[in-house]
Amino acid sequence: MSPKKMAEKVVEKEFPNKEAEDLYSAEGGFAHDTFFVDFEKESFVLKINGLSDLADEQGRDWSARFETEPFVLDLIQKETDVSVPECVARDTSKTVIPEYYHILRKMKGYTPVDSSSKPAFKNLE
């Protein structure tokens with residue numbers, strides 16, 4: 001199944017009563033398939049694990065690293081005043097699609113990939 005088809009299935013499952021205005025790939029990802037999902041009044045970032053088949057020489061499963069992001073973001077949100085994206089859905093069952101995924105509420109700002117012409121830590125409208 002293509003990454004785009006997987007993204008469509010996830011959006012259908014996680015937002016059953018909403019119709020996405022746009023679903024498009026976030027260019028420049030290194031390890032995961034990342035999509036932006038836009039609705040009328042809010043936007044989300046869908047990340048689909050791209051490391052599930054990757055194991056290093058010691059046999060470590062790198063997909064476990066994917067699972068840590070939502071937990072770390074939740075911890076930062078609960079324990080600090082730092083603004084981080086809210087994780088609105090996560091799934092590691094592989095029943096919706098054959099990969100882990102999570103969905104974050106999109107925040108204003110820019111990603112490191114598109115920041116080459118911007119000074120570090122300057123932004124966030």
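These are my notebook entries on one predicted protein chain and what I looked up in it.

**Ground rules**

I am working from a predicted model, where local features need pLDDT of at least 70, side-chain atom pairs count only at pLDDT 80 or more, and totals for chains, interfaces and linings use all residues. Residues are numbered from 1 along each chain as its sequence is written, and side-chain values use heavy atoms, with hydrogens and water left out.

**Entry 1: the overall layout**

I started with the secondary structure and found two helices and five strands. Helices here are DSSP runs of H or I with at least four residues, strands are runs of E with at least two, and both are numbered from the N terminus. Going along the sequence, I read the pattern as α-β-β-β-α-β-β.

Next I looked up burial. Of the 125 residues, 31% are buried (under 20% relative accessible area; exposed is over 50%, partly exposed is in between, with a 1.4 Å probe and protein chains only). The accessible surface is about 8,600 Å², and carbon and sulfur atoms hold 51% of that. Those areas come from the Shrake-Rupley method with a 1.4 Å probe, and for residues only the protein chains shown count as cover.

I also checked contacts (heavy atoms within 4.5 Å). Among those with a separation of 6 or more, 40% are between residues 24 or more positions apart.

**Entry 2: the sheet**

In what order do the five strands stand in the sheet? I get E1-E2-E3-E5-E4, an open sheet with antiparallel pairing. Two strands count as paired if DSSP finds at least two bridges between them. E1 and E4 (87-91) are at the edges with a single partner strand each, so one side of each has no neighbour in the sheet. From one strand to the next, the twist averages 15 degrees.

Then I went through the pairings. E1 and E2 are antiparallel over four bridges, and Leu23 is opposite Val37 in E2. E2 and E3 are joined by six bridges, also antiparallel, with Asp33 opposite Ile48 in E3.

I wanted to know how covered E2 is, and five of its six residues are buried. I picked Thr34, which is in this strand. Thr34 is buried at a relative accessible area of 15%. Setting aside neighbours within four places in sequence, Thr34 contacts Tyr24, Ser25, Ala26, Val45, Leu46 and Lys47.

Lys4 belongs to helix H1 and is partly exposed, at 34% relative accessible area. Beyond its neighbours within four places in sequence, Lys4 is in contact with Leu23 and Phe35. I also noted that Lys4 and Asp33, 29 residues apart in sequence, are 8.7 Å apart in space, C-alpha to C-alpha.

**Entry 3: the aromatics**

How many aromatic pairs are there? I count four, taking rings of Phe, Tyr and Trp (its six-membered ring) as paired if their centres lie within 6.5 Å, with planes under 30 degrees apart called stacked, over 60 edge-to-face and the rest tilted.

Phe15 and Phe39 make a tilted pair, 4.9 Å centre to centre with 55 degrees between the planes. Phe15 is in the loop between H1 (3-14) and E1 (22-25), Phe39 is in the loop between E2 (33-38) and E3 (43-48), and they are 24 residues apart. Phe15 is buried at 11%, and Phe39 at 6%.

Phe39 also pairs edge-to-face with Phe44, at 5.9 Å centre to centre and 75 degrees between the planes. Phe39 and Phe44 are both buried. Ring pairs link Phe15, Phe39 and Phe44 into a cluster.

Last, I looked up charges over rings (NZ of Lys or CZ of Arg within 6 Å of the ring centre and within 35 degrees of the ring normal). The charged end of Lys18 is over the ring of Phe39, 5.1 Å from its centre. Lys106 lies over the face of Phe36, 4.2 Å from the ring centre.

Terms used:
Axes fitted to C-alpha atoms, helices over the stretch in contact; angles between N-to-C directions.
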